[in-house]
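Please keep the sequence and the structure in view while reading.

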Amino acid sequence: MPLPVTVVHHIDETPESLCDRLSVANGFSSKRVFLSMTGIKSAALAKAELNAIHRLANWSGENIVDLARNRITTRCRRLDWQLGNAVFNKQARCGRRFRYCPHCIVDDMETGAGRPVSRPYVRAAWLSRAIINCVRHARPIVEIHVASKTDDSFCQFVATNSAKIRQEAERSVPTEFLAVDAYAQDRVLGALRQPYLDRFEAHVAIDLCVYLGKFVKRHRQALALVPENLRKAPSREIGFHYARQGESAIRAIVVEIIRKVRPSGQHKFFFGALGRWLRSNSKQAEFAELLELFQDIAERNLPFAAGEMCFIPVRRRYLHSVVSAGIEYGLHEERIVQLLNEAGLLEDQHLSHGRIHFDAEHAQEILVAASKTLTSRQAREELGVTEGVMTGLLERGLLARVESRNETRIYSRIRREDLDKLRSEIFAHVIVGDSKQALIPIKRVCQNAGCEIGDVLAAVIRGHLRNVFVAPNDELTISSLRFDRDEALAHLSKERPTLSALAGLAVMNQRDASAYLRAKPTTVPYLINLGLLDTVTINNPVNSRRQLAVTVESMDLFQKDHILVSEVAGLHETHPNTILDLLAKIGVRPIYDNCGNVSRYFLRSEVLNAPIQVRRFKRK
């Protein structure tokens, strides 16, 4: 049987709100007294239990189905709870707070039906903190802490604080960003308008908007991708803009941000709060579809290795960075860049190595082949030769270069099979054992015969030298080879052409030129730099290296006009320093000075007839 005074039930009103309004409309001192007299339990009413709803329907005269529409149900697992048709997480509970829109309350007081004290009612949407703004008035929802259970009558609260609520309504500032609030309110009321997001529980969909928006705002490079009207919006509004469009839009924005940012080595932490949220819920069934989406995006667009943890363990590597490839294949990063750039697999080789990404499958064959080669340093260590000798072997073609790079120095790679083939060809003609003949090492052979190690090895490989030995306890390296002196010199010796013959005019190397001028060894390079001596470039017949040779004609012309300080001192039978001091007093100086350990010269015309006297002391 209904109470003497009834109130109009609203479609978005909670059962507890209707109970509160009935109690104040019928003059009960408090809602607790009303519940006690009507036999309704507060907790059972909040959960819309059948017995409590039947009793409330009986006292209010309202339909049972309408009363149960906005019930609150707590779910045991993870403390999720259901409000109307939407499931929220525990962070969305309002706790011991009154939440309300001041404008809605003012409208209730001014336009509502029934007794004034019973007009304000609690909207179901206010009970979830996931809803921040009133969608109808575009104003923030106000939160007020409730001191105790005895103060839980919302109608009494409004009656006591009506003036304050009117002031709050006047002072509130409108907001233009209401998309997520409207979506959450629709979910509470059972209105499904977003096909993609409505596939998930309400709290999953809303949190996706929050964390996706945070991810977009976290990277400044992505702001240009956001519509201009949303650039100042809260994170969840930006996330909602993309999430409501579905999986393809989410994938597109995340991939575009990855391409713009190109995380360098820290891709594990690239997703920030979004990644932590997904990882913390990786075992929850309602997150499975989102986890699969973001895991696939991460695996296909970031250099994760199989087994590495992203949101869940990575199943397959799609991309490598130069750094990760260097670690996996044991290759230098610069070499990887060169190989893949030549193969056309790199989009931008000018980024830092951690930010250069490439297709792992397409690059695998190239990198595996490269990992089976040796550097020239590794090869020469196995052969027991110096860097210069190794260069000669490569230039002569005794070893093939499979990769070469010219930078500040020549960089080469050698296949293992080519190195093993060369060693077998050399040591196929070598005798392991001792010999009574006079044996000399390969370096001495080159010195005596005026040839290079490559010439000696070529003669061994062709079988021209038969008496080649390695001691029983020595390793099979080139440096351990010993040769019959007479046989080696007879086959390898050749007449060395002179430098003058090579140049086609009379020249000397710089050491011989210093002796020719009777000057210190450092003097000739100094004179060459000053342009006082002429040079020609020739190939040295001993080491095949290019070098400068000084022309004899230019040295003769120089000596015709210049004279050494030491020669002037010899003419006066005194020390060079004495000559320097005497000539300085009359203003005659060498053609250069302050030159370090370099012999100095005067112009002959200035010193031969200079008016100087050298004091000579008689010996006692």
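Two strands are said to pair if DSSP finds at least two bridges between them. The model described here is predicted.

**An open sheet**
- Four strands, in the order β13-β15-β16-β14, make up an open sheet with mixed pairing.
- The edge positions belong to β13 (431-432) and β14 (439-441); each has a single partner strand, so one side of each lacks a neighbour in the sheet.
- Two bridges join β13 to strand β15 (residues 468-470), and this pairing is parallel.
- Opposite I431 stands F469, a residue of β15.
- Helix α23 (residues 485-492) packs on the sheet, where it touches β14 and β16 (482-484). The direction of α23 makes about 75° with that of β16.

**A pair of packed helices**
- Two packed helices are described by the angle between their axes and the distance between the axes.
- For helix α10 (residues 202-218) and helix α13 (residues 272-280), the angle is about 150° and the axes are 7 Å apart.
- Angles over 145 degrees count as roughly antiparallel, and α10 is therefore roughly antiparallel to α13.
- On the α10 side, the contact is made by V204, D207, L208, Y211, L212, K214, F215 and R218. On the α13 side, G272, A273, L274 and W277 take part.
- The residues of this contact of α10 with α13 comprise eight nonpolar, one polar and three charged.

**Cysteines without disulfides**
- A disulfide is a covalent bond between the sulfur atoms of two cysteines.
- A pair is counted here when the sulfur atoms lie within 2.5 Å, and the count of disulfides comes to zero.
- The cysteine sulfur closest to that of C104 belongs to C134; at 3.6 Å, it is too far for a bond.
- C155 is likewise in no disulfide, as the nearest cysteine sulfur, that of C19, is 10 Å away.
- C104 is buried, with a relative accessible area of 4%, and C155 is buried at 1%.

**Positive phi angles**
- Most residues other than glycine have a negative phi.
- A138, which is not a glycine, has a positive phi near 55°. A138 lies in the loop between β5 (133-134) and β6 (139-140).
- E573 also has a positive phi, of about 55°, without being a glycine. The loop between α28 (565-571) and α29 (576-585) holds E573.
- Are these two residues buried or exposed? A138 is buried, at 16% relative accessibility, whereas E573 is exposed, with a relative accessible area of 66%.

Note on methods. Residues numbered from 1 in each chain as written. Predicted model: local features only at pLDDT ≥ 70, side-chain atom pairs only at ≥ 80, totals over all residues. Heavy atoms only, no water. Axes fitted to C-alpha atoms, helices over the stretch in contact; angles between N-to-C directions. Parallel < 35°, antiparallel > 145°, perpendicular 65-115°, else oblique. Contact = heavy atoms within 4.5 Å. Nonpolar A, V, L, I, M, F, W, Y, C, P; charged D, E, K, R; others polar. Buried < 20%, exposed > 50% of the residue type's maximum accessible area, 1.4 Å probe, protein only.
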